[in-house]
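The structure is shown first.

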Amino acid sequence: MPLSQRLYKTEAIILRARKLGEADRVLTLFTPTRGKIEVKAKGVRKTTSRLSGHLQPLNRCMLALAQGHNLDVVTGCETLESFRALRENLDLLSRALYVAEIADRMTAEHVHNYPTYRLLMETLGRLQAAPDTDAVLRYFEMKLLDLAGFRPEVERCVTCGKALEPVDNFFVAVAGGAVCRDCVPGLAGPRVMTLNALKVLRLLQRGPYNEVARVRFTPDLAEEVEKHLRGYIIGVLERDVNSAAFIERLRRDGAHMMVEV
Amino acid sequence: MNERSTSTAAPLARLIEEFYRLPGIGPKSAQRLAYYILRMPAQDARSLSDAIMEVKERVTLCSICQNVTEVDPCRICTDAGRDRSVICVVEEPLDILALERIGSYHGLYHVLHGAISPMDGVGPEDLKVSELLARLKDGGVTEIILATNPNLEGEATAMYLSRLIAPLGVRTTRLARGLPAGGDLEYADDDTLTRALEGRRELSE
């Protein structure tokens with residue numbers, strides 16, 4: 001193969017980085033045209049590396065890559081957007097890492113998915129600026145589920161297909177969404193879903209972000225919606241989301257510190 | 001590596017298996033090392049196996065700073081000549097070697113044995129964080145230098161620790177970030193350049 005075909009350039013958001021060997025890293029990238037890919041960055045753990053600063057997780061950058069035997073190798077990189085505000089605040093950072101983790105786990109490699117790339121980019125930007133980061137996360141979760149083909153059903157009962165009555169219903173992650181009172185007996189792990197939560201879930205699914213951002217959630221409602229979506233995501237992934245535990249911990253520590261002061 | 005057990009003497013096959021489990025050692029390297037040991041003088045082989053056992057039996061973690069040591073508390077923690085009011089927090093024991101090499105830091109250390117990595121499920125409870133807080137509660141420490149690596153995990157760890165330490169009234173500082181010696185300005189990333197600019201110093205002759 002001629003050299004020109006072995007080298008290529010792509011924009012990417014760096015989702016995660018893991019150590020490899022003495023001074024290398026394997027990076028998980030999300031690209032606009034190639035979907036999720038894994039690449040190797042050589043020597044980036046040395047302080048003399050010119051690339052390391054550009055190759056931090058959550059960076060959006062332009063990369064030059066060379067096709068390798070196994071993994072493609074980074075030959076150059078320039079930061080387009082470093083989302084600096086996310087890195088300087090632990091609460092924002094923990095949320096951004098949560099976004100990166102579920103984006104990584106919910107997508108397959110080498111599957112072109114531009115809408116997901118766009119969603120990721122917008123979400124990281126919104127986290128930097130939005131007053132309510134929980135709304136940003138819930139919107140991201142719902143849209144990502146949609147784009148990954150796991151859209152939860154919240155318009156009608158998953159089991160009987162009838163329109164949901166405007167009362168408290170149930171959300172059953174393993175069933176795939178909302179379940180009415182008549183159908184819930186016998187289903188595993190049902191959670192009561194208040195009418196307000198149902199409205200929010202529908203808004204998250206239908207609405208553009210601007211409309212979601214206008215809604216003010218009470219703490220109880222925010223917590224309920226979070227639990228429904230988190231349970232559903234864990235069901236889809238068939239595993240826990242690691243970063244969620246850290247967000248939880250920071251919340252607990254925060255509450256604890258306020259009590260101490 | 002099962003097929004080898006028929007053509008290779010059993011003890012040799014076992015040694016190959018053991019080497020294969022080490023980081024960075026593939027099947028070929030494992031074989032090469034095992035055959036090298038086979039041809040070694042017996043006393044050299046004995047010395048190697050003794051060294052391995054000695055590491056396991058005699059090296060422990062210092063009960064104060066969590067560094068690896070053969071005497072507890074370690075030599076740095078018991079050194080009367082060191083400044084006991086400053087603790088430099090690092091991720092790994094190897095970081096202490098790097099800092100000791102420059103010879104201009106005379107305070108104490110604390111080894112976390114890792115960094116917070118939320119995506120990999122590594123949280124503060126997996127690190128030697130409570131041991132650090134215990135050292136601060138005794139009083140006498142006036143400054144904590146956070147010397148975790150300047151990457152995402154290291155920064156997250158530093159931010160987390162500074163949050164924990166803030167209510168205790170101990171001054172926390174972070175190692176400076178900026179341009180590396182021998183580097184070119186044009187290759188610097190935005191983050192590093194911004195911080196280098198923020199942390200600029202007056203030139204004094």
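The sections below describe a predicted model.

## Leu229 of chain A

Leu229(A) is part of helix H8 of chain A, which spans residues 219–237. Because Leu229(A) has 22 C-beta neighbours inside 10 Å, and 20 or more are needed, this residue counts as buried.

Leaving aside residues up to four places away in sequence, Leu229(A) is in contact with Arg138(A), Glu141(A) and Met142(A). Glu38(A) lies 191 residues from Leu229(A) along the chain, and 28 Å separates the C-alpha atoms of the two.

## Contact between chains A and B

Where chains A and B meet, 26 residues of chain A are in contact with 22 residues of chain B. On the chain A side, the elements giving two or more residues are helix H2 (84–87), helix H3 (90–106) and helix H9 (242–260). H9(A) gives the most to that side, with seven residues.

By residue class, the side of chain A that touches chain B comprises eleven polar, eight nonpolar and seven charged residues.

## The largest nonpolar core

The largest nonpolar core contains 97 residues. Ile14(A), Ala96(A), Ala178(A) and Val89(B) have the most contacts inside this core. H3(A) gives the most to the core, with nine residues; H3(A) is also among the helices on the side of chain A that touches chain B.

For Val89(B), again not counting residues up to four places away in sequence, the contacts are His110(B), Leu112(B), Leu132(B), Ile144(B), Ile145(B), Leu146(B), Ala147(B), Thr148(B) and Leu161(B).

Notes. Residues numbered from 1 in each chain as written. Chains lettered and ligands numbered in written order. Predicted model: local features only at pLDDT ≥ 70, side-chain atom pairs only at ≥ 80, totals over all residues. Helix = DSSP H or I, 4+ residues; strand = E, 2+ residues; numbered from the N terminus. Buried ≥ 20, exposed ≤ 12 C-beta atoms within 10 Å, placed from the backbone. Contact = placed C-beta atoms within 7 Å. Nonpolar A, V, L, I, M, F, W, Y, C, P; charged D, E, K, R; others polar. Core = buried A, V, L, I, M, F, W, Y, C linked by C-beta atoms within 7 Å.
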